Amino acid sequence: VLFRSEKGNIIVCGQPRIVLYGETLEDVMTDAADVPYYGDQFDKWRRQGLNTVGAIIQWNRFELRKDQYEYAMIDGLIEAARERNMHLIIVWFGTWRNLQSNYVPGYIWDEKIGFPALKEDGKPENGGVSPFATKCAERDGLALNKLLARAALKDPGHQVLIAVQVENEMPCFQDYSPAANEHIGEQVRSEE
């Protein structure tokens, strides 16, 4: 277990840690050229007594085209944290953030892997991917797994990247897309 809470303490690699955390702005990391900004944030927050930086990585900036990943961002963040003897928490902006789908790569829409949630009148609801777009969820999970696999290569002792916060603020309205309508009225499965 790399990270857990135990009687109010956070345990990282078997050692209790106090996490003093600051998070960067949402739309800063657009490509690897922005890594120096994060280095500046690490320096600033270290001077203020923090020991952990929350860095946002957006799915559409990590997977620029289908199956083509931009690893320089995660590499640079891990190195910046390591150089400063700090920790890193990745905040993953995937399919949903603030009830919208602003961070999905373009191919999700182009290939109709993601389809919009619809209002009762058939118009798109708030620009969000339908929660019933399971292929989109699979692609989101694949991209996040690629990110974490790369992080494991760059931080094999798990001393820098201590957690991942997955943003999953999906819509809370009724979706009237054809895929959703197929499930309306079904019996809810019991836990087994």
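This is a predicted model: local features need pLDDT of at least 70, side-chain atom pairs count only at pLDDT 80 or more; totals for chains, interfaces and linings use all residues.
Visitor: How many residues does helix H5 have, and what span should they cover?

Guide: Helix H5 runs over residues 134-154, which is 21 residues. At 1.5 Å a residue the helix should span 30 Å, and its end C-alpha atoms are 30 Å apart, so the two values agree.

Visitor: Which residues of H5 are buried?

Guide: Buried here means under 20% relative accessible area. In H5 that applies to Cys136, Arg139, Asp140, Ala143, Leu144, Leu147 and Ala151. They cover an arc of only 130° around the axis, which means that they sit on the same side of H5.

Visitor: Which residues are exposed on the other side of H5?

Guide: Lys135, Glu138, Asn145 and Leu153 are exposed there.

Visitor: The buried set includes an arginine, Arg139. Which side chain does arginine 139 meet in a salt bridge?

Guide: The general idea is that side chains of opposite charge can pair when their charged atoms come close. In this model, arginine 139 forms a salt bridge with glutamate 63, at 2.9 Å from N to O. The pair links distant parts of the chain, since arginine 139 is in helix H5 and glutamate 63 is in strand E6 (residues 63-65), 76 residues apart.

Visitor: Why do arginine 139 and glutamate 63 count as buried?

Guide: Arginine 139 counts as buried because its relative accessibility is 13%. For glutamate 63 the value is 0%, so this residue counts as buried too.

Visitor: Which side chain meets arginine 150 in a salt bridge?

Guide: The partner is aspartate 75, with 2.6 Å from N to O. Aspartate 75 lies in helix H3 (residues 72-83) and arginine 150 in helix H5, so the pair ties together parts that are 75 residues apart in sequence. Arginine 150 is partly exposed, with a relative accessible area of 23%.

Visitor: Where do glutamate 167 and arginine 97 lie?

Guide: The side chains of these two, glutamate 167 and arginine 97, meet in a salt bridge at 3.3 Å, N to O. Glutamate 167 lies in strand E11 (residues 161-167), while arginine 97 is in the loop between strand E8 (87-93) and helix H4 (106-110), so the pair ties together parts 70 residues apart in sequence. Glutamate 167 and arginine 97 are both buried.

Visitor: How many salt bridges does a search of the whole structure find?

Guide: The search finds nine.

Notes. Residues are numbered from 1 along each chain as its sequence is written. Side-chain values use heavy atoms; hydrogens and water are left out. Helices (H or I, at least four residues) and strands (E, at least two) are DSSP runs, numbered from the N terminus. The expected span of a helix is 1.5 Å times one less than its number of residues. Buried means under 20% relative accessible area, exposed over 50%, partly exposed in between (1.4 Å probe, protein chains only). The arc is that of the directions from the helix axis to the C-beta atoms. A salt bridge is a side-chain nitrogen of Lys or Arg within 4 Å of a carboxyl oxygen of Asp or Glu.
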